[in-house]
Amino acid sequence: MRRPVDHGAMAVSGYTVPWHAAAGTPVALHVSSSRQVRDVRIVRLDTPSAEFMDWHVGPTRDAASHREFDQGSFLKIAASELAKCAEISGVAFEVYLTRYDGVRVLFEGGALRLQLQDGKLTFIHHGEALQTGGTVPANTWLAVEISSDGDGTVLRISSDDLLAPFRLHRQFNLPWQPPSDDVFFGASAANDVRSLNAKFSAIALQTTAGRIAWTFPTLLPSGPLASTGGDRALLLEAVNQPAFCMTSRRWDGSSFDPRLVPSHYDAVHCHDDDMGSLQWPASYQLRVPAEAAAGVYAFEVGHAGGSERIVFFITSSLRCSPLLFLVPTATYLAYADEFLPAHLYEWMCEDRGHRFAIDNNLKSLYDYHSDLSGVSICSYRKPKATLRDDYNYPLCGCPHNLPVDLHLLRFCHSNGIAFDLITDRDLHERGLAGLQGYRAVVTGSHPEYMSIEMEHALRQFAATGGSIAYLGGNGFAGKVAFQDDLMELRRSPLEAARTWDGPIAEQSLSITNQPGGHLRASGRGEFSLTGVAISLMGFDGARPFTRTPQSHEPSAAWLFDGVADETFGNEGIVLGGAAGYEVDATDPHLGTSLDTIVIARATGFPDSFVHDATRWYEGGASECAARRCAEMTLRHLPSGGLIFCASSVAWCGALPTGSAMNDVGRITMNLLAHLARAKNQPAGCSGS
């Protein structure tokens, strides 16, 4: 249904297209506001203090106003398409009802409407309701047919459930009227009720010239679907981004791979809270100056009650530094607008972005749909209300993701550490070419999600002499895929301890048809790339690190030049220390290379920190207790590069501010200065 944006928590919301851009290219701001916009300025966020840029932001003809959301997905055959075929004598489809409440529409076409309420089916003809009797079962595949039967209209519904077979056959003394208006599956033309939570498959029209049918592909289509049969192809539209590559009536459990049995995955799952790419008009335009420095920027939209910042990224088009910062936009997008239901999670602080998400029924890739299936696909063409420089994560009452990464970048600027910048989406598209010419790639605090292409490019980079400074925790873990402005994530049962648990049969990504879940399940990521993976997660006090004897060996001692104490990291903006929130540790059984050395370890975590559910401790409780740690590691590669792992989401937050310095800052300075000393360091900027 269409609903106005609820601006109770935030007077302004919006998004940019594109989300990341190079110098000299345009960026458009699409914005909704409940208050009159006073001004729009560009502010740079990654410098020690916010810098307002003297860049011209021009209004378009579509002034900022109070916009609307369309929520709920459904299927539609337009009347203009129906006009292309012979007279229709029947409609058939398969449906798998999931959880819903209130009144919903199963099918609507012309004078006919099949309506559900609390499982009861009502046949409506020209607005007159005719009860069909019985309750239509959910969570089983149903075959539905509405057709002409002589002078009347017949409705047939049947299931294949052997234990509880369902049959409904109703003959109505009503003249069959072929639909000539738009035909809807799971919604109504008037858009007067919420759309239906259900899977659909095998939609077909019976005409006087033969059968016209649609088969839903396993790969996510980029536009309407063409039919087969009949004189010409008719188009069916999947509205508002339902999930493709779903198990259908034909799935029998013999294979979990849609590439092998595509007919088992020819269904789409519609949800009443789906929201595809928004189509708000652009209200402001910016052409990024050709001389603009790469970095993190925002449109600051001012109004009488304050302002909001809508973030975008300017990437490097010239190589000016041996260090390249990798912006984890996939992680930002996965977390954006997370619900964090209060009855499930104790909030340690308030955040207006989460309130905005709840008020507007937005969903992150950590959330459930209303029928308890997981949210698996999203777009950057939507408000990302939690992606702000002043954001505080309610689970830990402190900054998370973007503001922690900004803390790192501001530290670099304050201490003369030059870097170029690339987003992970750039890396996905460009591969190794996006990294070539750099000495090292530097990550932020939480590069959790990556595509196969991103991870492979990093692996190639390290194999050819490049270094990786992994300054975060729980990184290189979840597999994602991209198509245009969309990102998809299918979670595996291994992740059930932390978020929604997708059925293993529906783990394949609709964008690629590759298995989703953990990168490690595909022989990549985490252990085989960096040597560490998440070991603990908790939202209480962070812990300091203590050096190991191996850290004093020449291969690692340089990292600690100027560090007087064996223990360091007792302060920070993330839970008050250097090791916290999510921390990593080694595990040779799971793939840590034998040449990986542990140079510091954090222990003594509160009991509230939980172990990663995917690890197995053959020694039982005693070994499990001994492994309640975070392990900072260093690995010198045969290629000449190295991989450093801070192994904590809180590490970047433990860096000092401004002109101050602490041991975490000294270690980070030593690391980045070492990595910047390339044998063939570029003397100036060169084309990328």
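The legends below describe close-up views of a predicted model.

**View 1. The largest nonpolar core.** This core holds 111 residues. Phe545, Phe644, Trp651 and Leu671 have the most contacts inside it. Helix α4, residues 402-414, supplies the largest share of this core, with seven residues.

**View 2. The largest cavity.** The structure contains five cavities of 30 Å³ or more. The largest has a volume of about 140 Å³. Its lining consists of 16 residues. Gly14, Arg309, Ile310, Lys384 and Ala385 lie nearest the centre of this cavity. Two strands give two or more residues each to the lining: β2 (12-17) and β27 (306-315). Strand β2 gives the most, with five residues. Sorted by class, the lining has nine nonpolar, three polar and four charged residues.

View 3. Trp19 sits in the loop between β2 and β3 (20-22), and Phe313 sits in strand β27. The two residues are 294 residues apart, and their pair links distant parts of the chain. The ring centres are 5.7 Å apart. The ring planes meet at 65°, so the pair is edge-to-face, a class that calls for an angle over 60 degrees. Trp19 and Phe313 are both buried. Across the whole structure, a search finds 31 aromatic pairs.

**View 4. A cis peptide bond at Val17 and Pro18.** The bond that joins Val17 and Pro18 is cis. Its omega is about -5°. Pro18 lies in the loop between β2 and β3, which also holds Trp19. Most peptide bonds are trans.

**View 5. The largest pocket.** The space in this pocket amounts to about 950 Å³. It is lined by 43 residues. Closest to the pocket centre are Val239, Asn240, Gln241, Gly276 and Ser277. Strands β8 (68-70), β9 (74-77) and β22 (235-239) give two or more residues to the lining. Strand β22 contributes the most, with four residues. The lining divides into 20 nonpolar, 14 polar and nine charged residues.

**View 6. Asn240 at the pocket lining.** Asn240 is one of the residues closest to the centre of the largest pocket. Its place is in the loop between β22 and β23 (243-246). The phi of Asn240 is near 70°, a positive value in a residue other than glycine. Most residues other than glycine have a negative phi. Asn240 counts as buried because its relative accessibility is 15%, and the cut-off for that class is under 20%.

**View 7. Asn191 in a loop.** Asn191 lies in the loop between β18 (183-185) and β19 (198-207). Its phi is also positive, near 55°. The relative accessibility of Asn191 is 32%, so this residue counts as partly exposed. That class falls between the buried limit of under 20% and the exposed limit of over 50%.

**View 8. A cluster of aromatic rings.** Ring pairs link Tyr335, Tyr366, Tyr391, Tyr393, Tyr449, Phe539 and Tyr581. Together these residues form a cluster.

**View 9. Charges over rings.** Two close-ups show a charged end placed over an aromatic ring. The charged end of Lys199 sits over the ring of Tyr96, 5.2 Å from the ring centre. The charged end of Arg547 sits over the ring of Phe560, 4.0 Å from the ring centre.

**View 10. Met537 and Val610.** Met537 is found in strand β38, which spans residues 532-537. Its relative accessible area is 16%, so Met537 is buried. Val610 lies 73 residues from Met537 along the chain. The C-alpha atoms of Met537 and Val610 are separated by 5.4 Å.

Methods
Residues are numbered from 1 along each chain as its sequence is written. This is a predicted model: local features need pLDDT of at least 70, side-chain atom pairs count only at pLDDT 80 or more; totals for chains, interfaces and linings use all residues. Side-chain values use heavy atoms; hydrogens and water are left out. A nonpolar core is a set of buried Ala, Val, Leu, Ile, Met, Phe, Trp, Tyr and Cys residues joined through side-chain atoms within 4.5 Å. Buried means under 20% relative accessible area, exposed over 50%, partly exposed in between (1.4 Å probe, protein chains only). On a 1 Å grid over the protein atoms alone, a cavity is a set of points where a 1.4 Å probe fits but cannot get out, and a pocket is an open set with protein on both sides within 12 Å along at least five of seven lines; lining residues have an atom within 4 Å of a point. Grid points are joined across faces, edges and corners, and a volume is the space filled by probe spheres set on the points. Ala, Val, Leu, Ile, Met, Phe, Trp, Tyr, Cys and Pro count as nonpolar, Asp, Glu, Lys and Arg as charged, and the others, Gly among them, as polar. Rings of Phe, Tyr and Trp (its six-membered ring) pair if their centres lie within 6.5 Å; planes under 30 degrees apart count as stacked, over 60 as edge-to-face and the rest as tilted. A charge sits over a ring if NZ of Lys or CZ of Arg is within 6 Å of the ring centre and within 35 degrees of the ring normal.
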